[in-house]
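Biologist: I would like to learn how to read a ligand site and a sheet. Can we take them in that order?

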Amino acid sequence: MHADIVVIGNGMFGSAALRHLAERGHTVVGVGAGETLNNGEAQPPHRVYSSHNDEARLTRRQDRNAAWAQVTGRAVSNYRELERRSGISFFHDVGCLIASRPGGDGVSPDPRVVMDETGVDFTLYPPGDAAWRNTWPSLAFPDTHFVAHEPTPAGYLRPKRLIQAQNVLASNAGAQHITDTVVDVVQTATGFCVHTAEELQITCTRVLVAAGAFSNFNNLLPSPIDVTVKSEVIVLGEVTPADAAQLGKYPTVKFMNDPGDLESIYMVPPVQYPDGCYYIKMGANTTHDVFFTRLEDVQRWFETDPDQVFLAMFEAQLRALWPDVAFTSV
Ligand SMILES: Cc1cc2nc3c(=O)[nH]c(=O)nc-3n(C[C@H](O)[C@H](O)[C@H](O)COP(=O)(O)OP(=O)(O)OC[C@H]3O[C@@H](n4cnc5c(N)ncnc54)[C@H](O)[C@@H]3O)c2cc1C
C-alpha cells in the first residue's frame, strides 16, 4: 500500500489532520489503534490507550494564556459547521463557570486577565456576590472566590463523536482508515515505510505522528520529542435521569481551589455514558499524578485499580461542589 501521507493516531488531532489533508487533495491513510479495554485478557507489548476515550471534554476560551484562548476560539468556531457537514452532533454550548480566588490559584493566573486580554465576553460575580446561584442553585463555591461566567460557545464536546465527524468527512474526501497499531516507522530512500502490528507495510513520502501521549513509543519518531506524559484521574458521580434532565443545561465548571491534593478541578454537567446512566464528571490534577517515560509503565498504570483513599478525596470534593445532589453512586 502507498500514500502521500500516513497519519498515525486517529484521536482528536489525528482525525482532524486526516480530514484537512484529504480535503486539500492529498492521498492520505490514517492508522489508528482501536479502543483498548481492560478486560483481563493478555495484551500485546505494543498496546496503546488514548486520551479521548470518554464522553465529554470541556471547551472554553478562558485558559492559561492568550495563545491557547485564540487557538481554542478558532477550533470552537468550526464545530457547528463540522456538525452540519457530517450530520453528527457533538457540541453542547452550555457555557462555563470559572471560580477562583482573585489572583489565581498559584498554578494558573487570574482567569480574568486572560479573558480581558483576549476579549472573551464574561459576566463577573465578585467574591461574596452569590447572585450566580439564582441561575445555578445546585452548585456551591467558597465565598472567597469570584465566579466568572463565560457564555456560549463555551461548553463541552463529545470527543468520540467529534472524531467520528472528522472521519466521515475525511472518508468523503478520499482518506483511507486502518484500525491497527503502528509498531515501527523506517526511513527509506524515497520516504518512509510504516509497519503495523498486523504486519501491514505502507510506504509514503511523509508521516504525521498524532499519537498523543504515545508518540514517543513504538518507534514512531527518529528521536523522542520533548513531551510530558502524566496520569489523569476523573470520578463519575451518577445522578438519576430526573436530576440529569434538570442539571443537563448547567454550564461546565473550572474550580481553581486552593493548592492541596487536588488542583485545577473541572466538571461537566450530567452526560449519558454508554452504560445508559447519567454522570457528572469531575477531574483534577493531583499530588498523586504519575509521570511516565516508558510504555510498560503507562500500561501498568491503566491496569492497576485506583487508590481508594485518593478516590475518597475526589468524592468529597464532588459532593461539596454539588451539595444538594443525591448521587446514586460515585
Ligand atoms: C481524563 C482526561 C480528561 C481531559 N479533559 C479535557 C477537557 O475537559 N478539555 C480538553 O480540552 N482536554 C481535555 N483532556 C485532554 C484531551 O483529551 C487531549 O488533549 C486530546 O485527547 C489529545 O488528542 P490527541 O489526538 O493528541 O491524543 P489522543 O486523543 O489520545 O489520540 C491519539 C490516538 O493515537 C492512537 N495511537 C497511539 N499510538 C499509536 C500507534 N503506535 N499506532 C496507532 N495508533 C496509535 C491512540 O490509541 C489514540 O487513539 C483530557 C484528557 C484526559 C486524559
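Biologist: How far is an oxygen atom of the ligand from a polar backbone atom of leucine 58?

Modeller: This is a predicted model, so keep that in mind throughout. The distance is 2.7 Å, from the ligand oxygen to a polar backbone atom of leucine 58. Pairs of N or O atoms within 3.5 Å count as polar contacts.

Biologist: Which backbone atoms lie 2.9 Å and 3.1 Å from a nitrogen atom of the ligand?

Modeller: At 2.9 Å there is a backbone N or O atom of valine 182. At 3.1 Å there is a polar backbone atom of alanine 33. As for cover, the ligand on its own has 990 Å² of accessible area, and the protein covers 80% of that.

Biologist: Which elements give two or more residues to the shell around the ligand?

Modeller: Those are α1 (12-23), β2 (28-32) and β3 (57-59).

Biologist: How many residues surround the ligand, and which are the closest?

Modeller: The count is 28. Phe13, Ser51, His52, Leu58 and Val182 are the closest. Split by class, the shell has 15 nonpolar residues, 10 polar and three charged.

Biologist: Now the sheets. How do strands of a sheet pair?

Modeller: They pair through backbone hydrogen bonds, either parallel or antiparallel.

Biologist: In which sense do β14 and β17 pair?

Modeller: Antiparallel, over seven bridges, with β17 spanning residues 278-286. Within β17, tyrosine 278 is the bridge partner of valine 239.

Biologist: Do β1 and β12 run parallel or antiparallel?

Modeller: Parallel. Six bridges join β1 (residues 2-8) to β12 (residues 201-209). Histidine 2 stands opposite threonine 203 in β12.

Biologist: How many bridges join β11 to β12?

Modeller: Four, and these strands run antiparallel. β11 covers residues 192-196. Opposite histidine 195 stands glutamine 201 in β12.

Biologist: How many residues lie between β11 and β12 in their hairpin?

Modeller: Four. Check glutamate 199 in the turn: its phi is positive, about 65°.

Note on methods:
Residues numbered from 1 in each chain as written. Predicted model: local features only at pLDDT ≥ 70, side-chain atom pairs only at ≥ 80, totals over all residues. Heavy atoms only, no water. Near = heavy atom within 4 Å. Polar contact = N/O pair within 3.5 Å; in protein donor to acceptor, adjacent residues only side chain to side chain. Areas by Shrake-Rupley, 256 points an atom, 1.4 Å probe, with all protein chains shown as cover. Nonpolar A, V, L, I, M, F, W, Y, C, P; charged D, E, K, R; others polar. Pairing = 2+ DSSP bridges.
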